[in-house]
Amino acid sequence: RTGFMWDSLPHEGALETNPGLAAKADAQGKLRPFYGDTVIFTLPREMTRWLGGVQEDLYAACGSYLSQRLEEQTFHITLHDLQNSPMGWPSGMPGNQKRVLTLLSAARAALPPEVIVRSNCVFSMAGTSVVMGFEPARESDCRMLMSLYRIFEEIRPLNVPLTLHATLAYYRP
């Protein structure tokens, strides 16, 4: 999904957050412990700094609606969520780890060594967070990303299209 939700917030009325957001943040916006099993792309330092600047603008404009800041060094691009839990490490994580390592080994042999993406827009993601959306820079990047996404769909189907994103902030529930 690269069209992103340019109109991802309601034009009238209140923004209603996703009920599941309460597992990540309390009513005052303090982040709760949350454990995830997610396939990510790490980012170079200059990119996390740039996203930190975007986050700074976001909090300056609407910080009272947002939860505690995410630390800049934790910014990453999410490829695929496998499992998550507010109660501790997901029980299927060790099995997922073995499958992921096996699938990644095969993917590395078959796919190019790099992927290039470009930022597209900031949007509201599923009533939980504000994210920076990314899209493939070239057709070859798109094919590689879709191949990788399909690999992880074998472990856990998500029922949503691939949406490359970096989370900048969670809303307050």
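Glu 135 forms a salt bridge with Arg 118, and their closest N and O atoms are 2.9 Å apart. The pair links distant parts of the chain. Glu 135 is in strand β4 and Arg 118 is in strand β3, 17 residues apart. Glu 135 counts as buried because its relative accessibility is 18%, under the 20% cut-off. Arg 118 is partly exposed, with a relative accessible area of 42%. The model described here is predicted.

A search of the whole structure finds four salt bridges. Side chains of opposite charge can pair when their charged atoms come close. Another of these pairs joins Glu 56 to Arg 69, with 3.1 Å between the closest N and O atoms. Glu 56 lies in helix α1, residues 45–62. Arg 69 lies in the loop between α1 and β2. The pair therefore ties together parts that are 13 residues apart in sequence. Glu 56 is partly exposed, at 43% relative accessible area. Arg 69 also counts as partly exposed, at 36% relative accessibility.

A further salt bridge brings together the side chains of Asp 141 and Arg 138, at 2.9 Å from N to O. Asp 141 has a relative accessibility of 1% and counts as buried.

Thr 128 sits in the loop between β3 (117–125) and β4 (129–136). Thr 128 counts as buried, because its relative accessibility of 18% falls under the 20% cut-off. Leaving aside residues up to four places away in sequence, Thr 128 touches Asn 18, Leu 21, Tyr 170 and Tyr 171.

The largest pocket has a volume of about 1400 Å³. Three strands, β1 (35–41), β2 and β5 (165–170), each supply at least two residues of the lining. Strand β2 gives the most, with six residues. By class, the lining has 18 nonpolar, 16 polar and eight charged residues.

Key:
Residues numbered from 1 in each chain as written. Predicted model: local features only at pLDDT ≥ 70, side-chain atom pairs only at ≥ 80, totals over all residues. Heavy atoms only, no water. Helix = DSSP H or I, 4+ residues; strand = E, 2+ residues; numbered from the N terminus. Buried < 20%, exposed > 50% of the residue type's maximum accessible area, 1.4 Å probe, protein only. Contact = heavy atoms within 4.5 Å. 1 Å grid on protein atoms, 1.4 Å probe; cavity = no way out; pocket = protein on both sides within 12 Å on 5 of 7 lines; lining within 4 Å. Points joined across faces, edges and corners; volume = space filled by probe spheres on them. Nonpolar A, V, L, I, M, F, W, Y, C, P; charged D, E, K, R; others polar.
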